[in-house]
Amino acid sequence: HFGRDIRKAMGCAVCAERDGGKEGPIEKTGYSATGGVGVEIHGHVGSLRSLGPILLVHDLSLGTFVHTVEAADGAGNADLHTMNPFGDLPVMKDCGEYEVILAHPQAVMRYLAGRYAAEFYPPESTMRMAFIDWAMDRFEDSLVFDAEATILVVLGQRERPEEPEGVGRATSSRLQDYASFFLREKFIGGQALSIADYMVAPYFMCYTHPALKDIAHVECPDRVKLYVRDFLATCHSADLLINAKGFALKELLDKRGQKGQLLPPEDQAMELVPEDLFGGMRCGLDRCKLYGASLCLESMGCILAGLDTRCGEMVPTLPGRDTGAPSFVAMNPFKQVPALKAGDFAMAESQAILRFMAQAYVPLLYPRDPVVRGRIDCAMAHFQSGGLSKCARETIKPFLTRTEPPDDLIKAGQSVTSKLREFADHFLGRKWIGGDKLTIADYWVAPFFFAWEHPAVIGVCQIELPPRIHQFNRDFEIASPAAAKLTHAGGHSVKEVLDKCAQKSGRTSFRRSVGPAFV
């Protein structure tokens, strides 16, 4: 793998031995799974992001849950920071043959399933795995933000939005859309739970609480209520959502309003897909079709990987104009690029597409080893949720689309500089994120790194691009023949559009027409 010291290879600092009797903000509670494989999950039972891995470790009886509480003075915990310098929860430490440390809930659960419980992320069913990935990424990209504006507001952890009724209606609509597509079977995993179910269930359970309707104006869809009822009956550790010595989500919500849950009666059912959703589908052995736009950086990662490995071909698709066509909506009802079509199977979400392409066509881009995958997953997840995606929306997208830039571009540029240094320090210790060979993580970040190096972006936002990112760009240009599409695409490549912006001055460089609805 990455040599004997696997801990450094995960992109986090090596976890120091913890002093057993040392006082501090970490405390071990009574919530301990039996077993002794040596897996620790550091998190909080009242944290939506922590609960998926916590519940999964309990159900698998893999080890111990360490209930982590922030220090009273806000200084945090030094031992936790040593394990995960990014400072977010949950954090997993697996003291098996090698000590492996991972952060981010999706990366942790993929690792646990890959190493200990494949049935929750079944490698024998490429389409089911892709559906699970799509469900998690779609939830992360949309409903997690809704939760911050509704659930966390009710819990007193976020400020109340200016128009709570409108936020509640929008959240209700997106919940219904998500449930209508991803909950056509009993669970996202089909008739059995998957890692995606462990991720979304804590959020959905909150939406069945009366406080979310009374305070956040969210109408929980009936399908979500039935799903929560089934999850609570199936997940052995689901009691942690209800009763955890005052820390459980339901207990915290009970303090905010009317107690209880709005669950349907036991005998109420809903017509669902009775058999495997993918039972009659075939992926096909030919190249897949990749629907995307040359100015959509999320699309380009998938397109470059498909072209380089000859497993996919690009179908130019303009957001807004083309994504509303019935043929496209049949592939992706959420009407966004990129999308993929392989035989009878279709899917969306860029990171999920990259995983599918690797698992179906080019396994070397996403090796089966759970330790290697853990590093790849951590890097992609950190880019997405650790602030770099937000930085891209603020400092790259205004050049390429009609999106308004933030008021303070210099401050946004400073954030890019800081976060790129952080990313390079922790994930680019070797030539590529996964080691000595390109992986899906490199294809994911490459279009963004390319755009951030352009003089137009650097000049306006005053970004100081780390030398390690410069080197990555040079290496990727050599390793990826398809990278030429970032520089030449009939006037519509990332470089060609940024070159035009560099010839302009002031804020007018952000206002250009690239299509009637490319926003």
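The charged end of Arg184 sits over the ring of Phe181, 4.3 Å from its centre. Likewise, Arg373 places its charged end over the ring of Tyr366, and here the distance to the centre is 4.0 Å.

A word on what we are looking at. This is a predicted model, so local features need pLDDT of at least 70 and side-chain atom pairs count only at pLDDT 80 or more, while totals for chains, interfaces and linings use all residues. Residues are numbered from 1 along each chain as its sequence is written, and side-chain values use heavy atoms, with hydrogens and water left out.

Now the overview. The chain has 22 helices and 8 strands; these are DSSP runs numbered from the N terminus, helices being H or I with at least four residues and strands E with at least two. Of the 519 residues in the chain, 57% are buried. Buried means under 20% relative accessible area, exposed means over 50%, and partly exposed lies in between, with a 1.4 Å probe and protein chains only. The chain exposes about 21300 Å², and carbon and sulfur atoms supply 50% of that area. Those areas come from the Shrake-Rupley method with a 1.4 Å probe, and for residues only the protein chains shown count as cover. As for contacts, meaning heavy atoms within 4.5 Å, residues 24 or more positions apart account for 73% of those in the chain with a separation of 6 or more.

Back to rings, then. How many aromatic pairs does a search of the whole structure find? The count is 37. Rings of Phe, Tyr and Trp (its six-membered ring) pair if their centres lie within 6.5 Å; planes under 30 degrees apart are stacked, over 60 edge-to-face, and the rest tilted. Take Phe383 and Phe449: their ring centres are 6.4 Å apart and their planes are at 50°, so this pair is tilted. It links distant parts of the chain, since Phe383 is in helix 15 (residues 370–385) and Phe449 in helix 19 (residues 440–452), 66 residues apart. Both Phe383 and Phe449 are buried.

Phe423 and Phe427 make another tilted pair, 5.0 Å centre to centre with 45° between the planes. Both of these lie in helix 18 (residues 409–427), 4 residues apart, about one turn of the helix. Phe423 is buried, at a relative accessible area of 0%, and Phe427 is buried too, at 1%.

Next, the interior. In soluble globular proteins, nonpolar side chains tend to be buried together. By nonpolar core I mean a set of buried Ala, Val, Leu, Ile, Met, Phe, Trp, Tyr and Cys residues joined through side-chain atoms within 4.5 Å. Which residues touch the most other members of the largest core? Among its 154 residues, they are Phe204, Phe231, Phe449 and Trp452. Helix 5 (residues 126–149) gives the most to this core, with 12 residues. Leaving aside neighbours within four places in sequence, Phe204 is in contact with Phe139, Leu175, Tyr178, Leu183, Val224, Tyr227 and Val228. A second, separate core has 8 residues, including Ala293, Met331, Val337 and Ala346.

Staying with helix 5, Met127 lies there and counts as buried at 11% relative accessibility. Beyond four places in sequence, Met127 touches Phe278, Met281, Cys283 and Phe345. With Phe345, the sequence separation is 218 residues and the C-alpha to C-alpha distance is 7.4 Å.

Over in helix 7 (residues 164–182) we find Thr171, buried at 0%. Its contacts, not counting residues up to four places away, are Asp146, Thr150, Tyr207 and Val218.

Last stop, strand 1 (residues 39–43), where 5 of 5 residues are buried. Val39, Ile41 and Gly43 point one way, Glu40 and His42 the other. Strand 1 runs parallel to strand 2 (residues 63–67), joined by 5 bridges; two strands pair if DSSP finds at least two bridges between them. Within that pairing, Ile41 has Phe65 as its bridge partner.

Terms used:
Lys NZ or Arg CZ within 6 Å of the ring centre and 35° of its normal.
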